[in-house]
Each structure stands twice: as structure tokens, then as C-alpha cells.
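I opened the notebook to record what I looked up in this structure, entry by entry.

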Amino acid sequence: MKSGNTINKLAEIESWFGTHRRKVLIAFSGGVDSCLVAFLARKFMGKENVLAVIADSPSLKRRDLEVARSFCNEFDIKLEIIQTKELENPNYASNPIDRCYFCKFTLYDELQAIAEKYPGTDILNGQNFDDLGDYRPGIKAAKEFKVHKPLADCNFTKIDIREMALYFNLPTWDKPASPCLSSRIPFGHEVTIEKLRQIEEAENMLNSLGFDDVRVRHFGDKAKIEVPGSQVKRLKMHIDSIRKNIKELGFEHCEIDEEGLVSGKLNRAIA
């Protein structure tokens, strides 16, 4: 059953799409935010006016790519998969504090080229209201390319998004946040394909042990593991097998973060 807030939010975003008469191209990731935008665009604008585009780059988890494919197939949303080459840009690979800007610039540049093939097409993303108070260099790139943000425009918080996704029974409603793999590497440490694969395989291993919401931070020869604080004790019960598997992936050391998972924890280094 919808809450009053969900009813109000649904009416608000339906109005947003109702006044948006153009075709749309969605910067798609397979996360709950962009999945909700794609679903609502398909619902309110029709299949023929909506195209979801996902960037299959080394920093995208294979699991997230499969989630994206499955979601679009289930809800009859046209999906295009493109290859982006942000790792070839030294401004990205050197991992400066505004790395995300260069990633999003590359993405939106590619999306704009696709949009130009279909006159009257606007680009949408999954930016939400909470993102406005976070450190998000990618927002600058979105502004430069005049990317539209229906969720943020309608003041959707992360909680609002999950509540509405649950109302529509979207399979991603409770999907843990899954930022790009490069976000696990401290600023100033080079981003490489090898590091990204190490991180992904380590997190897949931890997922197989029942830890769905996890980050493996890459500190050179050390892997630092974050899970929600309530799961740290359980994680320690597996520490021997975890250390063995982590070493097989090329890390020399493995450490459990006692504080627990904090999204964007590496951003603290900026302050």
C-alpha cells in the first residue's frame, strides 16, 4: 500500500515527465536510482521514446551489467551497451580527487553523440536530492552537458527512491549501492585494470560468503574490507579463509575495517 508521501511523489514525478515531451536517453547503471528513472520514463513516455545506455567499462562490475540487462528485459526497456575508455585518459587513471568528473565527462560525451542521432532527445541521469549534499564531481560534468535529473528536481531522497521502487516491485529496490570499482582506490593511487579486477574478484568472494553490501579498498599490497558494522563480527568468523583467498588474488595483507562500511569513506582524505 502506498504511503501519502509516495502518492505525492508519484504525482510530482508523473507531472515532470508529463511536461517533458521530448525523447530521452538515460545514463543507466543498473542501480536503484537509474532503474527507477528508466522504469518511470518507460511508464510515462512509452517505449518508443526511451533508451537506456550503460557504459561497459573496466570499473563496472560484471554483476551490475547483468542486473542492468535483466532489468531492461523484464520491463521492456530498450538498452544499448557502449564501451567507454576513461582509463586511457591520464586525468582519470592518475586518480585525482576529481576523477569522477573525467569519468562522467567521458560518459556524457558518448551519450551526447548518441542523442544527436535522434533529434529532440535529452539525456537523463539518476541523480537524487541527497547527492546534492555529497562530494560529487560528476555533477559538474552533468551540468556542462545539460543532463536532466528528474529525481533531484522532484526532491527524491534515497529513501523516497527505494520506497517507490518497492511500490512498483522493482527487483532493484533493495539492491545495495554499488559505486564504480575505481572508488575503492585511494586518491593519488593509479587506477589500473589489474587493480579493478582484484577488487571485483575479492568482493565477489565476499558476496559468496553472504556479505552483499561490501567494499574492498585497494591499498597497494593490502586489502581493507568494509561491511556494515552489524556484520563485522560475522565477517571475522571467516577471516582465515578470506585471507587465503585474498592472497591468491595478489594481495599480501588483509585487514577488516572495525568501523564498518561507510559509503565514500575515501573522500575523507580530501578534507
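Where does D76 lie? I found D76 in the loop between α3 and β3 (78-82), where helices (H or I, at least four residues) and strands (E, at least two) are DSSP runs numbered from the N terminus.

Before going on, I noted that the model is predicted, that local features need pLDDT of at least 70 and side-chain atom pairs pLDDT 80 or more, and that totals for chains, interfaces and linings use all residues. I also noted that residues are numbered from 1 along each chain as its sequence is written, and that side-chain values use heavy atoms, with hydrogens and water left out.

**Entry: backbone angles**

I looked up phi for D76 and read a value near 55°, which is positive in a residue other than glycine. Most residues other than glycine have a negative phi. D76 is partly exposed at 35% relative accessible area; on the scale I used, buried means under 20%, exposed over 50% and partly exposed in between, with a 1.4 Å probe and protein chains only.

I then turned to N169, where phi is likewise positive, near 55°, and the residue is not glycine. N169 is found in the loop between α8 (158-167) and α9, and with a relative accessible area of 60% it is exposed.

**Entry: two buried side chains**

I placed F156 in the loop between α7 (150-153) and α8, and its relative accessible area of 0% makes it buried. Leaving aside neighbours within four places in sequence, I listed its contacts (heavy atoms within 4.5 Å) as K9, I13, L36, N128, F129, D130, L151, I161 and M164. From F156 to F168, twelve residues along the sequence, the C-alpha to C-alpha distance is 16 Å.

M45 belongs to helix α2 (residues 32-45) and is buried, with a relative accessible area of 10%. Not counting residues up to four places away in sequence, I found that M45 touches F17, H20, R22, V24, L40 and V50. W16 is 29 residues from M45 along the chain, and their C-alpha atoms are separated by 11 Å.

**Entry: helix α11**

Which residues of α11 (239-248) are buried? I found I239, I242 and I246 to be buried, and they cover an arc of only 60° around the axis, so they sit on the same side of α11; the arc is that of the directions from the helix axis to the C-beta atoms. The face turned away from this buried side carries the exposed residues D240, K244, K247 and E248. The buried residues of α11 pack against α9, β6 (222-226), α10 and β7. Just after α11, I read a positive phi of about 110° at G250.

**Entry: salt bridges**

Side chains of opposite charge can pair when their charged atoms come close. I counted a salt bridge where a side-chain nitrogen of Lys or Arg is within 4 Å of a carboxyl oxygen of Asp or Glu, and by this rule the count comes to 21 salt bridges.

K236 and E258 form a salt bridge at 2.9 Å, N to O. K236 lies in helix α10 (residues 232-236) and E258 in the segment after β7 (253-256), so this pair ties together parts that are 22 residues apart in sequence. K236 is partly exposed at 38%, whereas E258, at 54% relative accessibility, counts as exposed.

The side chains of E259 and R268 meet at 2.8 Å, N to O, with E259 partly exposed at 44% and R268 partly exposed at 47%. I then traced a network of salt bridges that links R217, E226, D257, E259, K265 and R268.

**Entry: the second largest pocket**

I took a pocket as an open set of points on a 1 Å grid over the protein atoms alone, where a 1.4 Å probe fits and protein lies on both sides within 12 Å along at least five of seven lines; lining residues have an atom within 4 Å of a point. The second largest pocket has a volume of about 240 Å³, a volume being the space filled by probe spheres set on the points, which are joined across faces, edges and corners.

Its lining has 15 residues, with D64, K175, P176, N207 and D212 nearest the centre of the pocket. I found that α3 (62-74) and α9 (193-208) each supply at least two residues of the lining, and that α3 gives the largest share, three residues. By class, the lining divides into four nonpolar, two polar and nine charged residues, where Ala, Val, Leu, Ile, Met, Phe, Trp, Tyr, Cys and Pro count as nonpolar, Asp, Glu, Lys and Arg as charged, and the others, Gly among them, as polar.
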